[in-house]
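The sequence and the structure come first.

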Amino acid sequence: MARPTALPLLLLLFLETGAQNIQVRVPAEVRGLLGRDEKLPCHLLSEKAEIRVSQIMWLRLDRYGNNQSVAAFHPTYGANFPNSGPYDQHMSFLMGNSRQSEAELRDATLLLKGLRAEDEANYTCEFVTFPWGSSKGVTWLRVLAEPQNHAEAQEVTLVSEPKPMARCVSTGGRPPARISWFSPLPGQGTETRTAGPVPGTFTVTSRFTLVPTPEANGAKVTCKVEHDTFPEPVLIPLTLSVKYPPQVSISGYDDNWFVGRVEATLNCDAQSNPEPTSYEWSTTAGPLPSTAVAQGPRLIIRTVDESVNTTFICSVVNPVGDGRAEQSIRVRDTPRASTGDVGPVVWGAVGGTLLLLLLLAGGAMAFVLLRRRRRKSPGGGGAGGSYDPKIQVFGNGGPVLWTPPAPGPAKKEDEEEEEEEEGGLMLPHPAGAEDDMESQLDGSLISRRAVYV
């Protein structure tokens, strides 16, 4: 009883071992465009020459998880497509639908013509061989559709609640496109998805929502569209548009309008969308002074007088609304001193003072250096130079025969400076007193202590 049981087990083991030498090569994923033809490659790989292909089958996994046979090929009976009508040429084998040679039976590539959205699924390619049994491989067919994209700014009027200010649309994509926004403004994108123009496609619409403000008018935003069929994202730049009434200001007044000044000008500066349609000048007292002439956004004062001493009003209108601004004028009796005129005088005075101080400092420094140089020169102060002891020195009215004293210790410079600072008339010391003699350029000697009058 053991032998009949062991034989099927040995045969099953033999078939399983042989099946390991057979491989079915299929790509993991195939991408095809909607409406185009696409191939599902499938090849049998084996080194066994004696393998015979008994049948080829293609199975499709439906949405419920069941495998449905969509194509089959038999070496004798040829191809068969169970779920196709007699006039449906949607599927075919690349090798042909009639009887083929043994070598050609190893290529089970399936051709799908005019891809449809429902063709997207997992497909199983299975070879039934003798004597090794069946081998199979699974591939995923993705059906894609490239979308068409466009974007536009939506003109809005100034309000206090958020409004869609731009719209970006990606039409007929499969799978749905991904849309995002780039902007320096604090806006948000809101997205909706609807069915596309072709069955199985999608249309995605994204709106850029923001509270409309005058600052948002003219701002740049970018719509970014990403899709599996794009090599890189599509960027669509837009310029926002916000309608708002005029925002008005007045320029040109310099606080130096004096009696007799001519051609003084005020400018009415208005920012609005759309552009202003009219400008009107007036004063708080009513009509304009007789010397004032309005020329659109400009007000020209031919000659300034006391009647100009008022408040001017500029009113601006556009299709959305209106705006106004005021400018008070103070008329002076005389022109105000200009800071540009005072500046050169002040800087000139400062520069002259600095130059004088530099000259005085330079002179004092030169004087000190010259005195020090004379003291240190040969024959100068200190120990004294050599001289003739019998030279006559003229003192108070008559010649005096002067005899040099015995040499003594040298005096310090500070002692000499103190003696030089003493004022009054100084006479020669009595005979025998010490005296320092100084050599002159002509060779004579005079006392450094005596003052000659």
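The model is a predicted one. Gln-188 belongs to strand E16, which covers residues 188-195. Once neighbours within four places in sequence are set aside, Gln-188 is in contact with Arg-207, Phe-208 and Thr-209. Leu-210 lies 22 residues from Gln-188 in sequence, and the two C-alpha atoms are 6.8 Å apart in space.

## Confidence

The mean pLDDT of the protein is 80, and 71% of the residues reach 70 or more. Residues 1-18 have a pLDDT that stays under 50, and the model gives them four contacts beyond four places in sequence. The pLDDT is also below 50 over residues 410-434, a stretch with 22 contacts in the model beyond near neighbours in sequence. Where pLDDT is low, the predicted coordinates should not be read in detail.

## An open sheet

Five strands make up an open sheet with mixed pairing, in the order E13-E20-E22-E25-E24. Strand E13 (156-157) and strand E24 (292-295) are at the edges; each has a single partner strand, so one side of each has no neighbour in the sheet. Inside this order, E20 pairs with strand E22 (residues 262-273) in the antiparallel sense, over six bridges. Gln-247 stands opposite Gln-271 of E22.

## Nonpolar cores

Which residues have the most contacts inside the largest nonpolar core? They are Trp-58, Phe-93, Leu-110 and Phe-127, in a core of 30 residues. Strands that give two or more residues to this core include E1 (22-25), E5 (52-61), E6 (67-74), E8 (91-93) and E9 (110-112). Strand E10 (121-130) and strand E11 (133-144) are also among them. E10 supplies the largest share of the core, four residues.

Not counting residues up to four places away in sequence, Phe-93 touches Ile-56, Trp-58, Ala-71, Ala-72, Phe-73, Ala-79, Phe-81, Ala-108, Thr-109 and Leu-110. Another core, of 21 residues, lies apart from the largest one, and Ala-177, Trp-181, Val-204 and Val-242 are among its members.

## Aromatic pairs

A pair of aromatic rings is described by the distance of the centres and the angle of the planes. The model has four aromatic pairs. In one of these, Tyr-253 and Trp-257 are arranged edge-to-face, with 5.6 Å from centre to centre and 75 degrees between the planes. Elsewhere, ring pairs link Phe-73, Phe-81 and Phe-93 into a cluster.

## Salt bridges

Side chains of opposite charge can pair when their charged atoms come close. The count for this model is 14 salt bridges.

| Salt bridge | N to O distance |
|---|---|
| Arg-167 and Glu-152 | 2.4 Å |
| Asp-255 and Arg-336 | 3.4 Å |
| Glu-118 and Arg-116 | 3.6 Å |

Arg-167 and Glu-152 meet in a salt bridge. This pair links distant parts of the chain, with Arg-167 in strand E14 (residues 163-173) and Glu-152 in strand E12 (residues 148-153), 15 residues apart. Arg-167 is partly exposed at 24% relative accessibility, and Glu-152 is partly exposed at 33%.

Asp-255 forms a salt bridge with Arg-336. This pair too links distant parts of the chain, 81 residues apart. Asp-255 is in the loop between strand E20 (242-251) and strand E21 (257-258), and Arg-336 is in the loop between strand E28 (331-332) and helix H2 (339-376). Both ends are partly exposed, Asp-255 at 26% relative accessibility and Arg-336 at 40%.

In the bridge between Glu-118 and Arg-116, Glu-118 is partly exposed at 48% relative accessibility and Arg-116 is partly exposed at 35%.

Which residues are linked in a network of salt bridges? Glu-29, Arg-31, Arg-142, Arg-178 and Asp-228 are linked in this way.

Terms used:
Residues are numbered from 1 along each chain as its sequence is written. Side-chain values use heavy atoms; hydrogens and water are left out. A salt bridge is a side-chain nitrogen of Lys or Arg within 4 Å of a carboxyl oxygen of Asp or Glu. Buried means under 20% relative accessible area, exposed over 50%, partly exposed in between (1.4 Å probe, protein chains only). Rings of Phe, Tyr and Trp (its six-membered ring) pair if their centres lie within 6.5 Å; planes under 30 degrees apart count as stacked, over 60 as edge-to-face and the rest as tilted. pLDDT is the predictor's confidence in each residue, from 0 to 100. Contact means heavy atoms within 4.5 Å. A nonpolar core is a set of buried Ala, Val, Leu, Ile, Met, Phe, Trp, Tyr and Cys residues joined through side-chain atoms within 4.5 Å. Two strands pair if DSSP finds at least two bridges between them.
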